[in-house]
Amino acid sequence: MGGSLATVFAMAPLADKFMSFDPNLAKLDKFGIQLWTVKTALGKDPKGVLKQLSDDGYKQIESFEGKQGIFWGMSNLEFKKYMDELGMTIISSHCDINKDFEKKAGEAAAIGMKYLLSPFIAVQKTLDDYKKIADQFNKCGEICKKAGIRFAYHNHDHDFKMVDDVPALDIYMKNTDASIVDFEMDIYWVVTAGQDPEAWLKKYKNRFRLCHIKDRTKGATEKDASCILGEGSIDFPKIIKTAKANGVHYYIVEQEKYENTTEMDSAKADAEYLKKFKF
């Protein structure tokens, strides 16, 4: 990993200095939310939660595969119909790529989704093991291409672990076919790994097509320290400007920790931040 957490976050400027209201700055036309942010509430009342997210201002949804499936107890067509009623679009979903992946790709394509993603790959033992994972990503990319959608991988902090003097994510990048395999940058996990999101976005221009906008509590040294957007230490205006310039198309809120708040209240606060967000 590149540098200690203490060093990275001791040097981070305050978030309230980042937000500029210069009328000449750009805004995000649309932003989405990864449903993992509201997973507990979602499991109890999928339709009610989706309605609330729409009311909060989210226009795009990134789902994940829970016990009720990618479409939360609905068929793909029923989910699409409900999204239409809410004025929302499901653009992507994290899923288990080792089970019924062709079927999932077909169902996703049938309702106009853009992506299926692998959400997590554990630390591997050898360089060859990482190359085997890259081969699997290429196969998933071919399946998605045949269905008419795209495949991507979502990073965690351990994807920057050095393997034979090379970050694991580099191995994935260099051993996957850019024409069929994209990546989703989780900005929080890049920062948590002591890495520079902008440097990776520039190094692999047009490989990161989606990103997770997730803030990190100021001064935190533990791994799991996400917080409401704008209350943390990550310079999103600067990073998102670079993301836009280097091929990122989808901007997706995610939060995984809720200090003195709830999932749904956090999602609403995150939406309020992005409604005012300029870069």
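The model is a predicted one. The protein contains eleven helices and twelve strands. With a radius of gyration of 18 Å, close to the 19 Å that the globule rule gives for 279 residues, the protein is as compact as a globular protein of that length. Its C-alpha trace spans about 45 × 45 × 35 Å along the principal axes.

**The barrel**

- Strands of a sheet pair through backbone hydrogen bonds, and the pairing is either parallel or antiparallel.
- Eight strands form a closed barrel with parallel pairing, in the order S1-S2-S3-S4-S5-S8-S9-S12.
- From one strand to the next, the twist averages 30°.
- One of the pairs joins strand S3 (residues 89-94) to strand S4 (residues 115-118), in the parallel sense and over three bridges.
- Ser93 has Leu116 in S4 as its bridge partner.

- Helix H3 (residues 46-56) and helix H11 (residues 263-276) have axes that come within 9 Å and cross at roughly 25°.
- H3 and H11 are therefore roughly parallel to each other, since angles under 35 degrees are counted in that way.
- The crossing of H3 with H11 is right-handed.
- On the H3 side, this contact is made by Val49, Gln52, Leu53 and Asp56, while H11 contributes Met264, Ala267, Lys268, Ala271, Glu272 and Lys275.
- The residues of the contact between H3 and H11 comprise five nonpolar, one polar and four charged.
- H3 also packs with helix H4 (residues 76-86), at an angle of about 35° and with the axes 10 Å apart.
- H3 passes H4, too, in a right-handed crossing.
- Here Lys47, Leu50, Lys51 and Ser54 of H3 meet Phe79, Tyr82, Met83 and Leu86 of H4.
- Sorted by class, the contact of H3 with H4 has five nonpolar residues, one polar residue and two charged residues.

**The contact of H5 with H6**

- The axes of helix H5 (residues 101-110) and helix H6 (residues 127-147) come within 9 Å, and they cross at roughly 35°.
- H5 and H6 cross in the right-handed sense.
- Phe101, Glu102, Ala105, Gly106 and Ala109 make the contact from H5, and Cys140, Ile143, Cys144 and Ala147 make it from H6.
- Seven nonpolar residues, one polar residue and one charged residue make up the contact of H5 with H6.

Terms used: Residues are numbered from 1 along each chain as its sequence is written. This is a predicted model: local features need pLDDT of at least 70, side-chain atom pairs count only at pLDDT 80 or more; totals for chains, interfaces and linings use all residues. Side-chain values use heavy atoms; hydrogens and water are left out. Axes are lines fitted to C-alpha atoms, for helices over the stretch in contact, and angles run from 0 to 180 degrees between N-to-C directions. Helices (H or I, at least four residues) and strands (E, at least two) are DSSP runs, numbered from the N terminus. A crossing is left-handed if the near helix is turned anticlockwise from the far one by less than a right angle, and right-handed if clockwise. Contact means heavy atoms within 4.5 Å. Ala, Val, Leu, Ile, Met, Phe, Trp, Tyr, Cys and Pro count as nonpolar, Asp, Glu, Lys and Arg as charged, and the others, Gly among them, as polar. Angles under 35 degrees count as roughly parallel, over 145 as roughly antiparallel, 65 to 115 as roughly perpendicular and the rest as oblique. Two strands pair if DSSP finds at least two bridges between them. The radius of gyration is taken over C-alpha atoms; the globule rule is 2.2 Å times the number of residues to the power 0.38.
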